[in-house]
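Keep the structure open while reading.

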Amino acid sequence: MSYRPSVYNAAPLLHFNQREHSVEMLVIHSMAHEAVEGIARLDELGLSAHYVIDFDGAVWQCVSEEDRAWHAGVSLWQGLDDINSRSIGIEVCHNSLGQSKFGRRQIKALTGLCHEIIERWDIERHMVVGHSDIAPTRKPDPGKAFPWEELAAEGIGIWYGKQFSEETDVIKMLSDIGYDTKDVGAAAYAFCRHFLPTKVKTMPVRRLLDNPYPKNCDELLSSPDFIRALQNIYAQYIETIYQLKRSYFIRNF
Ligand SMILES: [Zn+2]
């Protein structure tokens, strides 16, 4: 299977500046518009992304990867802020803001593009995230239907594995994975958007934008299937990060 996106269209956006850090993350979004309209909307709002992937899989480039696009906003992952400076941002067009299935051609194009970016910038698996992962109280995208499992099977991001951690401290697990746990309920709900979508309600797009996480999601924290999922995903993250540290240690000493 060839991964290379078939079409690159250029639609330069002006809202960007210079990076303060080098690229170490990939952030995936979804937007409730088709590409041309969505790019105009970003421009209107004084925002940008490096790439926009249209419904037919066409890839639009709006900002050079060298530059800092304005897509992440106030966000945090693994204790790192200014994620715009550290990341490449990709918007995937989607009518229901990621609540129903994504198109095959879009996902094929996205997979190809992610492979290229990950290789170009040497991005680690635990640093491939969705907007909702890095801004749990503010953002619902790329949405509960985003095919994280399929991407992880291609080496993009992390998914479930055989190991389960025996850790029981939910906040520690969420925080070590990378989530900002200032609002633990929001972090838990963001975890579900990514890893346990059956726990996430489908909402009208308008309400989804206004209310990215329900106020009563604290009950998730004691739910057995949530804890079980978290213990599994946590084990995969810890293993990935441990292996990276070990290979860094071997390389440098
Ligand atoms: Zn977004």
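## Overall build

Of the chain's 253 residues, 43% count as buried. Buried here means 20 or more other C-beta atoms within 10 Å of the residue's own; exposed means 12 or fewer, partly exposed means in between, and C-beta atoms are placed from the backbone. The model is predicted: local features need pLDDT of at least 70, side-chain atom pairs count only at pLDDT 80 or more, and totals for chains, interfaces and linings use all residues. Residues are numbered from 1 along each chain as its sequence is written.

The chain's secondary structure comprises nine helices and eight strands. The chain has a radius of gyration of 17 Å, close to the 18 Å from the globule rule for 253 residues, so it is as compact as a globular protein of that length. That radius is taken over C-alpha atoms, and the rule is 2.2 Å times the number of residues to the power 0.38. The C-alpha trace spans about 50 × 50 × 35 Å along its principal axes.

Among contacts in the chain with a separation of 6 or more, 75% are between residues 24 or more positions apart. A contact requires C-beta atoms, placed from the backbone, within 7 Å of each other.

## Two helices side by side in a table

Helices (H or I, at least four residues) and strands (E, at least two) are DSSP runs, numbered from the N terminus. The expected span of a helix is 1.5 Å times one less than its number of residues.

| Helix | Length | First to last C-alpha | Expected span |
|---|---|---|---|
| Helix 3 | 18 residues | 26 Å | 26 Å |
| Helix 9 | 29 residues | 42 Å | 42 Å |

Helix 3 buries Gln106, Ala109, Leu110, Thr111, Leu113, Cys114, Ile117 and Ile118. What do these buried residues of helix 3 pack against? Their partners are strand 3, strand 4 (51-53), strand 5 (59-61), strand 7 and helix 5.

Helix 9 covers residues 224-252. Its buried residues are Phe226, Leu230, Ile233, Tyr234 and Gln236. They pack against helix 6 (170-177) and helix 7 (184-195).

## Helix 7 against helix 9

Two packed helices are described by the angle between their axes and the distance between the axes. The axes of helix 7 and helix 9 come within 11 Å and cross at roughly 70°. Helix 7 is therefore roughly perpendicular to helix 9. Axes are lines fitted to C-alpha atoms, for helices over the stretch in contact, with angles from 0 to 180 degrees between N-to-C directions. Under 35 degrees counts as roughly parallel, over 145 as roughly antiparallel, 65 to 115 as roughly perpendicular and the rest as oblique.

Which residues meet? Helix 7 brings Ala188, Phe191, Cys192 and Phe195, and helix 9 brings Phe226, Ala229, Leu230 and Ile233. By class, this contact has eight nonpolar, no polar and no charged residues. Nonpolar covers Ala, Val, Leu, Ile, Met, Phe, Trp, Tyr, Cys and Pro; charged covers Asp, Glu, Lys and Arg; the others, Gly among them, are polar.

## Loop residues

Some loop residues have backbone features to check. Asp141 and Pro142 are joined by a cis peptide bond, with omega about 10°. Pro142 sits in the loop between helix 4 (131-134) and helix 5 (148-153).

Leu97 is not a glycine, yet its phi is positive, near 55°. Leu97 lies in the loop between strand 7 (87-93) and helix 3 (104-121). Is Leu97 buried or exposed? Leu97 is buried, because 22 other C-beta atoms lie within 10 Å.

Asp122, also not a glycine, has a positive phi of about 55°. With 9 other C-beta atoms within 10 Å, Asp122 is exposed.

Glu167 is in the loop between helix 5 and helix 6. Glu167 is partly exposed, with 15 other C-beta atoms within 10 Å. Not counting residues up to four places away in sequence, Glu167 touches Lys172, Met173, Gln231 and Tyr234.

Val23 lies in the loop between strand 2 (16-17) and strand 3 (25-31). Val23 counts as buried, with 20 C-beta neighbours inside 10 Å. Leaving aside neighbours within four places in sequence, Val23 contacts Arg86, Ser87, Ile88 and Trp121.

Terms used. Two residues are in contact if their C-beta atoms, placed from the backbone, lie within 7 Å.
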